[in-house]
Amino acid sequence: MTILELSDVCYTYDKGTPMAHEALVNINLKIEKGLMTGIIGHTGCGKSTMLRMFNGLLKPDSGKILLDGKDIWENPKEISKVRFRVGLVMQYPEYQLFDETVRSDIAYGPRNMGLDEDEIARRVEEAASFAGVSRDMLDRSPFELSGGQKRRVAIAGIMAMKPEVLVLDEPAAGLDPKGREDIFTGLDRYRRESGASVIIVSHSMEDMARYCDRLVVMNDGEIYLEGTQREVFGDAEKLMQIGLGVPEVTKLISLLREGGMPIPQEIYTVDDAKAVLISMLGGGRK
Amino acid sequence: MIKDVTLGQYFVGNSLLHRADPRAKLLFAVLYIVVLFFAKSAASFAFALAFTVAMIIISGVPFKSVIRAVKPLAFIILFTAVLNVFWTTGEKLLFEWKFIHIYEEGVIFALYMAVRIILLVVGMSVALTYTTTPIALTDGIEELLNPLKKLKVPVHDFAMMMTIAMRFIPTLIEETDKIMDAQKARGADFESGGLVKKAKALIPILIPLFVSSFKRADDLAIAMECRCYRGGEGRTKLKQLRYGKCDVVLLMLAAVFVSGIILCNIYLPYFSI
């Protein structure tokens with residue numbers, strides 16, 4: 001089922017000036033409910049502009065954005081309600097923390113929703129557990145935390161609004177492998193337990209292959225490729241044409257295949273590769 | 001909305017005013033301001049107006065941008081003008097009602113005041129901000145204030161502080177936009193509510209902005225030290241300031257302006273104040 005739909009969306013920055021720049025050209029996109037969708041593309045391809053469309057921070061010049069079948073700009077005064085339903089975590093969200101304690105910072109969103117204190121407290125605890133913010137962190141100042149911890153607090157701040165669609169712009173940028181993994185597994189848990197859709201922008205093909213159900217590739221303000229992992233990564237040549245690639249392990253597997261190993265299908269994650277190789281090499285036992 | 005700030009807005013160009021030495025332009029601007037306050041008669045204001053318009057044409061800055069520089073001051077200009085109309089006393093009474101007395105002198109004075117403020121702003125932006133890069137401007141100020149070094153005034157450090165401050169204005173604006181978007185995504189509302197509510201709504205923007213500014217200042221200081229910055233002592237410049245032909249022309253323009261105003265004041269003293 002479709003939860004969020006963009007139909008014929010166009011957007012131009014600085015319209016009517018010599019600096020006019022077409023950021024989005026006729027975007028048609030459907031985001032499925034309950035799935036994790038990955039958006040890939042070069043810097044400046046319009047990803048961030050599109051994310052700002054999802055929750056109404058930017059209004060399209062033409063075209064419609066439908067949330068659950070309803071145009072979000074039907075009533076512009078109600079746009080903040082849309083922002084509670086489509087939660088957007090910006091790039092480097094740790095810079096948005098401001099409150100005295102982690103707890104009250106996470107509560108900022110729910111408080112703006114006008115919820116009562118019991119519900120807010122419940123949501124803060126819940127969001128903290130999803131995002132991997134430990135209990136003892138809650139009463140500390142957000143400014144004494146490490147970079148990775150701050151990032152998780154910021155993500156919890158959006159999760160606490162319980163959005164039906166959670167959108168994240170490079171949630172793992174600049175984190176170490178452990179930090180990346182923690183964030184992605186937290187997002188996956190949030191998606192499974194709340195039934196929400198998650199949309200992630202990332203530059204890491206490995207992360208995309210590991211966690212996303214569907215992939216969207218953008219180029220020059222247009223949708224270049226869209227589909228399941230097999231549909232997108234299967235077309236390695238088309239990805240290379242715009243300077244993107246497939247996960248490293250996929251390259252390795254196709255080299256092995258060229259070398260004569262009869263590996264049956266395309267492999268996109270290290271875990272799958274491991275399983276296939278072990279069984280092919282007659283293993284499975286230690 | 002925040003992008004409309006015109007502070008430090010430089011227009012790329014190659015006009016006489018662009019090529020002139022920043023020191024010359026600074027001195028020219030000071031002279032311009034002082035002389036503007038000497039203008040007394042209708043003729044001298046008309047001359048100053050014509051001179052300023054000529055300056056805009058020479059600089060090649062579009063009239064639209066010049067008007068944009070004055071717009072934010074519209075209220076102040078109007079306010080001073082109205083005050084002057086009501087509070088100046090003179091001989092020729094134009095209008096009287098209960099305690100309100102309006103004299104001809106008051107109206108003229110108010111008019112002159114308004115024209116003077118507009119010309120001040122326009123002249124300064126055309127001679128300096130629109131045609132000089134912030135870096136060149138601070139360079140010029142540093143050079144001009146150099147004699148103060150003898151009095152142990154840290155001229156170089158002040159100039160460096162100004163350069164850095166100006167350099168980071170666009171960065172701060174961009175960052176404010178970003179933080180506002182982030183808090184809007186969390187349901188922040190900056191438009192509705194009373195004054196107190198609106199002021200409170202700014203806290204989630206100001207605190208992150210301060211925190212990152214301090215952090216950036218720290219980083220910048222370390223980066224400067226890594227490149228062996230040790231203050232102004234013994235520091236040389238890549239671009240040495242030199243006076244040239246343009247500065248001679250600017251000097252002549254200044255002479256025309258000064259003598260024009262003085263002559264108008266003396267020989268065409270209509271509606272003098």
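**Stop 1**

Show chain A and chain B together. About 1,500 Å² is buried between them, and carbon and sulfur atoms give 62% of that area. In chain A, select A:Tyr95, A:Phe98 and A:Tyr108. These residues lose the most area to chain B, together 34% of what that side buries. Keep in mind that this is a predicted model.

Now widen the selection to the whole contact. Chain A puts in 19 residues, and chain B puts in 16 residues.

Next, look for charged pairs. How many salt bridges does the rule find across the interface of chain A and chain B? There are two. One to display joins the side chains of B:Arg186 and A:Asp105, with 3.1 Å from N to O. Polar contacts cross here as well: the rule finds four residue pairs between chain A and chain B, both residues at pLDDT 80 or more.

On the side that touches chain B, the elements giving two or more residues are α2 (79-85), α4 (108-112) and α6 (147-159) of chain A. Which of the elements gives the largest share of that side? Pick α4(A), which supplies three residues. Colour by class instead, and this side of chain A divides into eleven nonpolar, five polar and three charged residues.

**Stop 1**

Ten residues from domain 1 of chain A and seven residues from domain 2 of chain A make the contact.

The area buried between these two domains is about 750 Å², with 67% from carbon and sulfur atoms. In domain 1 of chain A, highlight A:Glu206, A:Arg230 and A:Val246. They lose the most area to domain 2 of chain A, together 54% of what that side buries.

Search this boundary for salt bridges and the rule finds zero. The count of residue pairs in polar contact, both at pLDDT 80 or more, is one. On the domain 1 side, α8 and α9 (229-233) of chain A each give two or more residues. The largest share, four residues, comes from α8(A). By class, that side of domain 1 has four nonpolar, three polar and three charged residues.

**Stop 2: A:Asp207**

Stay in chain A and zoom in on helix α8, residues 205-211, where A:Asp207 lies. Is A:Asp207 buried or exposed? A:Asp207 counts as buried because its relative accessibility is 12%, and the cut-off for buried is under 20%.

Show its surroundings. Leaving out residues up to four places away in sequence, A:Asp207 touches A:Arg180, A:Phe184, A:Ser202 and A:Cys212. With A:Arg180 there is also a polar contact, side chain to side chain, at 2.6 Å.

**Stop 3: chain B and B:Ile108**

Bring chain B back. Its domain assignment gives domain 1 as 2-143 + 241-267, and domain 2 as 156-226. Over C-alpha atoms, 32 Å separate the centres of these domains of chain B.

Now select helix α6 of chain B, residues 104-129, and find B:Ile108 there. With 13% relative accessibility, B:Ile108 counts as buried. Which residues is B:Ile108 in contact with, leaving aside its neighbours within four places in sequence? Display B:Phe271 and B:Ile273.

Finish with a distance. Draw a line from the C-alpha of B:Ile108 to that of B:Lys215: the two are 107 residues apart in sequence and 53 Å apart in space.

Conventions. Residues are numbered from 1 along each chain as its sequence is written. Chains are lettered from A and ligands numbered from 1 in the order in which they are written. This is a predicted model: local features need pLDDT of at least 70, side-chain atom pairs count only at pLDDT 80 or more; totals for chains, interfaces and linings use all residues. Side-chain values use heavy atoms; hydrogens and water are left out. Buried means under 20% relative accessible area, exposed over 50%, partly exposed in between (1.4 Å probe, protein chains only). Contact means heavy atoms within 4.5 Å. Domain bounds come from an automatic or database domain assignment. Buried area is the accessible area (1.4 Å probe) that two parts lose on being put together, summed over both. A salt bridge is a side-chain nitrogen of Lys or Arg within 4 Å of a carboxyl oxygen of Asp or Glu. A polar contact is a pair of N or O atoms within 3.5 Å; within protein, one must be able to donate a hydrogen and the other to accept it, and residues adjacent in sequence count only if both atoms are side-chain atoms. Ala, Val, Leu, Ile, Met, Phe, Trp, Tyr, Cys and Pro count as nonpolar, Asp, Glu, Lys and Arg as charged, and the others, Gly among them, as polar.
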